[in-house]
Amino acid sequence: MTGWLARLGAGWIRAVRHLGRALLLLLRILEGIDELIRRPRLLVEQLFSVGVLTVLIIAVSGLFVGMVLSLQGYHILSQFKADSALGVMVAASLLRELGPVVTALLFSGRAGSALTAEIGLMKATEQLSGLEMMAVDPVRRVLTPRFMAGFLAMPLLAALFSALGVIGGWFVGVGLLGVDDGTWWVQMQARIDWHQDLLNGIIKSLVFGWVCTWIAVFQGYNCLPTSAGVSGATTRTVVHSSLAVLGLDFVLTALMIK
Amino acid sequence: MPIESDSLVKIRDLCFSRGERVIFDGVDIDIPRGKVTAIMGPSGTGKTTLLKLIGGQLAPDRGTIEVDGLNVHALNRRELYQLRMRMGMLFQSGALLTDLNVFENVAYPLREHTSLSESMLRKLVLLKLEAVGLRGARDLMPAELSGGMARRVALARAMALDPMMVMYDEPFTGQDPISMGVLVKLIRQLNDAARITSILVSHDVEETCAIADLVYVISGGRVIEFGPPRQLQQSGSEWTRQFMHGLPDGPVPFHYPAPALEQDLFGAAA
Amino acid sequence: MKTNKTVEILVGLFVAAALLALFFLAMKVSNLGALDTSETYRVTARFDNIGSLKEKAPVKMAGVEVGRVSHIGFDQARYQAVVELAIYKKFDQIPDDTFAKILTAGLLGEQYVGLEPGGSDTYLKEGGEIDVTQSAMVLEEVIGQFIFEKAGERKK
């Protein structure tokens, strides 16, 4: 009984300590932003590996999610003779939920895990120590650009996802299922509010970008410098990011809905 | 107590533990200027940890480390980085940045800390690479280098800012005899030509004794013995003799502590 | 390894494509594009009851969108809803005795303002007012009325 309680307590203490360490790391990362302003090249390089390399999977997923939404929605809505609302349904689900959430999940699988692995390997091969001994702060030089690139790339990727989703949905709904083209766009514009739907979606993906990249760089920087340590940290990045995204999505949605 | 009039690094009463494990328990070491000082000991005695403590990457639990008159762990981050610019460190794996080629790796500290013109920088980097014999390998990526070559590139990089001291972490481990010989020669040569202080951490007795001016032997968190290599080889201490000559049994037992063999084999049946 | 120039071009393309997508979402998908007030003129209409009409609801004439509801206010003196309509400038020949009523798109759809043209020769202008209006149909009232009439029939 006491052993069980003690283990629970120790687990909690470990978790709180982890959180504290992650927060301190975040502060040090943010401290390094001034260097990023002086040397924007560092950010561009990371935007390439975090953003550009993730575009393909985001674009393809967005297109297909939009197409599936349209196909599913049409069969339900047409039963109520409400297929004119198909465009609204597709756009609203993409902008409010699927765009930010699915992008964040794909991001943590593609870019987040790569970030953790890269930083973890740099630690395991003493590259981070090497930088430190060359009087170069690895947090500023390695973590800050990666963190900011992830934070900025997420809303851009989510916008691409949603836009391609709407186009994919339009292709199926209007092109294949015969919903009227004018109705599709007019209904959409009438019902989708730029503030309630679009802006809130962007805010969500900014929060997700912040959290996913934070988890990724922390896990990489904090991992055990062995191959088992790096692979464990990579797995943790994906699991923790996904849980954080889904949990935060609920909280944010509850805050945003009036 | 070792007292040298002109020592670059002074370690006094150093204590450091990692979790439950005590790694150093009151260590005093003096590293004389312009000499090659070796710190030797069996694996797991925290030799690499000692270098990290000197470089300020780790903080001791007790005791002080002075480098060139500065207490490393009383410095703020800026001052520490200033000091590190005057230190070079050669990591066991080389620690080259994997996404930069050989030339850029050596140029990295120069780009970070100086504002040299590109042509000046090129000359400097090529000179440093020439000194380690790898001027021709400037366009290779770290993944294309052998272990010994990677260490030589890392050595060129450590020397890039003309440091006052260079720390070598196990430079001979896992090297074939030829590249081992090259490294031994290079370390001695660079030490004498550039008048730097070298700290060498190793458990390769033969190579280390060939170049070191002074050897410290540490084990169990303490300095066991120190002195010139020849003196240690004829040491009266049984432990030192076992280590220096690589004897399989002695004060360090061959067997990991265990109950008697008979009891282990037949105890369960009895 | 990619050269510096290629990296820069690809990152530039990425950012440009994402901003284009954002622009598309704002202008084509959401109502941000439809809020352009410079191309409209305002007229007001008073209703006794607007039901669940909301701002930005479409204003339609013969089923074609000619404007949007730009503001909904309340007149405390007359206890009426004051609805401001932003009509697109290209529809500048709407008679000033036009009849406005609040309709519902489909059985459960959103409410919009429907305009039915009168016969006047003068047209609505900026700041004009629509005098003849019909309130929204409130389902409870209609049902209540129906039950009341049935009850009356039975008494006879």
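1. A quick term before we start: a residue counts as buried with under 20% relative accessible area, as exposed with over 50%, and as partly exposed in between (1.4 Å probe, protein chains only). By that rule L161(B) is partly exposed, because its relative accessible area is 25%.

2. Some housekeeping. This is a predicted model, where local features need pLDDT of at least 70 and side-chain atom pairs count only at pLDDT 80 or more, while totals for chains, interfaces and linings use all residues. Residues are numbered from 1 along each chain as its sequence is written, chains are lettered from A and ligands numbered from 1 in the order in which they are written, and side-chain values use heavy atoms, with hydrogens and water left out.

3. Back to L161(B). You'll find L161(B) in the loop between helix 5 (147-158) and strand 7 (165-169) of chain B; helices (H or I, at least four residues) and strands (E, at least two) are DSSP runs, numbered from the N terminus. What does L161(B) touch, leaving aside its neighbours within four places in sequence? The contacts, meaning heavy atoms within 4.5 Å, are with M85(B), P109(B), L110(B), H113(B) and T114(B). As for D6(B), that residue is 155 residues from L161(B) in sequence, and the C-alpha to C-alpha separation in space is 23 Å.

4. Strand 3 (residues 36-40) of chain B deserves a look. Five of its five residues are buried, so this strand is largely enclosed by the rest of the structure. In a regular strand the side chains alternate between the two faces of the sheet. Here V36(B), A38(B) and M40(B) point one way, T37(B) and I39(B) point the other way, and all are buried.

5. Who are the partners of that strand? Two strands pair if DSSP finds at least two bridges between them. Strand 3 of chain B runs parallel to strand 8 (residues 197-202) of chain B, with five bridges joining them, and parallel to strand 9 (residues 214-219) of chain B, with four bridges. T37(B) shows both links: its bridge partner in strand 8 is I199(B), and its bridge partner in strand 9 is L214(B).

6. Most residues other than glycine have a negative phi, and most peptide bonds are trans. D68(B) has a positive phi of about 50 degrees although it is not a glycine; D68(B) lies in the loop between strand 4 (62-67) and strand 5 (70-71) of chain B and is partly exposed, with a relative accessible area of 26%. Y79(C), also not a glycine, has a positive phi of about 50 degrees. Its place is the loop between strand 3 and strand 4 (80-88) of chain C, and Y79(C) is exposed, with a relative accessible area of 61%.

7. Chain C comes in two parts: domain 1 (1-30) and domain 2 (40-143), with bounds that come from an automatic or database domain assignment. Taken over C-alpha atoms, the centres of these domains of chain C are 42 Å apart.

8. Now for how chain C meets chain A. The contact takes 27 residues from chain C and 30 residues from chain A. Together they bury about 2,500 Å², 75% of it on carbon and sulfur atoms; buried area is the accessible area (1.4 Å probe) that two parts lose on being put together, summed over both. On the chain C side, F14(C), L25(C) and V29(C) lose the most area to chain A, together 25% of what that side buries.

9. What about charged links there? The rule finds one salt bridge across the interface of chain C and chain A, a salt bridge being a side-chain nitrogen of Lys or Arg within 4 Å of a carboxyl oxygen of Asp or Glu. E8(C) forms a salt bridge with R41(A), and the closest N and O atoms are 2.5 Å apart. Helix 1 (4-29) and strand 3 (64-75) of chain C are the elements that give two or more residues to the side touching chain A, and helix 1 gives the most, with 18 residues.

10. Last, chain A against chain B. Here 17 residues of chain A are in contact with 23 residues of chain B, and the area buried is about 1,700 Å², of which carbon and sulfur atoms give 52%. E126(A), M133(A) and M134(A) supply 40% of the area that chain A buries against chain B, more than any other three residues. The rule finds four salt bridges across this interface. R141(A) forms a salt bridge with E112(B), with the closest N and O atoms 2.3 Å apart.
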